Amino acid sequence: MRRARRLRFGAAGMLVAAVMATGLAVPAPVARATEAAGGHRATQEALDGVVQDGPPGGVAVVEERHGTWAGRAGTADLRTGRSPGAEDRFRAGSITKTFVATVILQLQAEGRLSLDDTVDHWLPGLVEGHGHDGRQITLRQLLNHTSGVYSYTEDENFKRREFGTAFLRHRYDTWTPEQLVRLAMTHQRSFVPGDGWGYSDTNYILAGMVIRKARGRS
């Protein structure tokens with residue numbers, strides 16, 4: 001348990017997460033470590049800003065050589081008004097992107113693919129429509145979000161079902177990677193590949209599909 005907690009702190013320390021679960025107070029050991037850590041004023045201000053922009057509460061935990069720092073803002077439980085704490089459990093998205101990018105780089109090092117390969121080379125005919133063209137997009141552009149591919153998470157119906165008022169009815173729905181990409185293809189691309197930057201979850205769905213194609217497994 002101790003080791004697992006330390007790993008979770010390490011991962012959580014790399015992000016500021018919006019929390020909507022029941023909160024607990026920051027435990028005394030963490031509170032003491034917070035004082036020893038010397039303060040993270042800028043991080044706390046950023047956390048406060050996240051809450052001011054809409055989410056009810058947030059928590060950030062950083063583990064460093066001076067100790068462990070924990071910051072919190074807002075409310076963890078709207079019914080009781082309890083504050084979020086470092087021991088809270090919460091959903092965190094986009095964690096797998098780091099691992100997907102690492103595997104793509106490993107496959108290039110092994111000579112199994114090249115970052116300059118086009119998406120269409122590995123997934124022929126999948127990325128097309130509304131300005132999208134997989135023949136013009138490289139794996140490198142997927143990884144650094146310069147592909148211009150529309151992010152499926154911006155689709156209004158998807159947001160309503162997965163993040164909004166219809167979540168409880170759809171929380172057990174399953175989406176295949178192909179379905180998510182096809183959903184993205186129903187929208188206009190964000191920009192010409194290489195001419196801009198835009199965070200797109202579809203980029204890493206595609207990168208994961210390339211890994212499966214190149215290695216035969218996810």
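What covers the buried residues of α10? The cover includes α4 (96-109), α5 (119-122), α6 (139-143) and α9 (177-185). This is a predicted model, in which local features need pLDDT of at least 70 and side-chain atom pairs count only at pLDDT 80 or more, while totals for chains, interfaces and linings use all residues. Residues are numbered from 1 along each chain as its sequence is written, and side-chain values use heavy atoms, with hydrogens and water left out.

**Helix α10**
- Helix α10 covers residues 201-215, 15 residues in all; helices are DSSP runs of H or I with at least four residues, strands are runs of E with at least two, and both are numbered from the N terminus.
- From first C-alpha to last, α10 reaches 22 Å, close to the 21 Å expected at 1.5 Å a residue (1.5 Å times one less than the number of residues).
- Because 11 of its 15 residues are buried, α10 is largely enclosed by the rest of the structure (buried is under 20% relative accessible area, exposed over 50%, partly exposed in between, with a 1.4 Å probe and protein chains only).
- The buried residues include Asp-201, Tyr-204, Ala-207, Val-210, Ile-211 and Ala-214.

**Packing of α4 on α10**
- The two helices α4 and α10 pack at about 40°, with axes 10 Å apart (axes are lines fitted to C-alpha atoms, for helices over the stretch in contact, and angles run from 0 to 180 degrees between N-to-C directions).
- α4 and α10 are therefore oblique to each other (under 35 degrees is roughly parallel, over 145 roughly antiparallel, 65 to 115 roughly perpendicular, and the rest oblique).
- On the α4 side the contact is made by Lys-97, Val-100, Ala-101, Val-103, Ile-104 and Leu-107; on the α10 side, the residues include Asp-201, Tyr-204, Gly-208 and Arg-215 (contact means heavy atoms within 4.5 Å).
- By class, the residues of this contact are 10 nonpolar, one polar and three charged (Ala, Val, Leu, Ile, Met, Phe, Trp, Tyr, Cys and Pro are nonpolar, Asp, Glu, Lys and Arg charged, and the others, Gly among them, polar).

**Ala-101**
- Ala-101 lies in helix α4 and counts as buried at 16% relative accessibility.
- Beyond its neighbours within four places in sequence, Ala-101 is in contact with Leu-143 and Tyr-204.
- Ala-101 and Arg-140 are 39 residues apart in sequence and 9.6 Å apart in space, C-alpha to C-alpha.

**Helix α9**
- Leu-180, Val-181, Leu-183, Ala-184 and Met-185 are the buried residues of α9.
- Their cover includes β4 (128-129), β5 (132-133), α7 (156-162) and α10.
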